[in-house]
Amino acid sequence: MTYSLHSIGAITPRIPYFDRGYGRVAAFVVATLSGLVEPLAALAGSLMVAQAEALLPWGLAAAAGAMLFVVCHEIIPESRRRGNEILGMTGVVVGFVGMAVVGRMLS
């Protein structure tokens with residue numbers, strides 16, 4: 001239903017064709033043909049998401065590892081350089097404990 005309502009907006013591309021001298025029927029045909037790619041792309045996207053669902057945990061794990069690397073490689077040394085060793089390490093410990101608690105609550 002939602003996609004049907006969204007597709008009503010596909011009528012609006014006819015307006016520029018009127019300005020270029022197309023007739024009503026020709027503008028309708030061109031606008032309809034240009035809108036046919038939307039359902040095909042939606043179907044292709046749906047199939048890709050269904051196939052990639054098994055890879056999602058691995059992708060999220062890679063993203064988490066990258067963020068952990070950035071924190072350990074950039075942020076912690078920077079906090080130590082400015083004299084905030086205790087505050088920086090406290091933030092790291094609180095963050096890890098918070099992630100562990102949330103992870104345990106969600107599992």
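User: What should I know about the model and the numbering first?
Analyst: Residues are numbered from 1 along each chain as its sequence is written, and side-chain values use heavy atoms, with hydrogens and water left out. The model is predicted, so local features need pLDDT of at least 70 and side-chain atom pairs count only at pLDDT 80 or more, while totals for chains, interfaces and linings use all residues.

User: What makes up the secondary structure of the protein?
Analyst: It comes to 6 helices and 0 strands. Both are DSSP runs, numbered from the N terminus: helices are H or I with at least four residues, strands are E with at least two. The order from the N terminus is α-α-α-α-α-α.

User: Why is α5 called roughly antiparallel to α6?
Analyst: Helix α5 covers residues 56-81, and its axis crosses that of α6 at roughly 155°. That makes the pair roughly antiparallel, because the label needs an angle over 145 degrees. Axes are lines fitted to C-alpha atoms, for helices over the stretch in contact, and angles run from 0 to 180 degrees between N-to-C directions. The two axes come within 8 Å.

User: Why does M89 count as partly exposed?
Analyst: Its relative accessibility is 36%. Buried means under 20%, exposed over 50%, and partly exposed in between (1.4 Å probe, protein chains only). So M89 is partly exposed. P77, at 26%, is partly exposed as well.

User: What makes the nonpolar surface patch?
Analyst: V25, F28, V29, L33 and L36 make it, with about 490 Å². Patch residues have over 30% relative accessible area and no salt bridge; nonpolar side chains (Val, Leu, Ile, Met, Phe, Trp, Tyr) are joined within 5 Å, like charges within 9 Å. A salt bridge is a side-chain nitrogen of Lys or Arg within 4 Å of a carboxyl oxygen of Asp or Glu. F28 sits in helix α3, residues 24-35. At 44% relative accessibility, F28 is therefore partly exposed.

Technical notes. Areas by Shrake-Rupley, 256 points an atom, 1.4 Å probe, with all protein chains shown as cover. Parallel < 35°, antiparallel > 145°, perpendicular 65-115°, else oblique.
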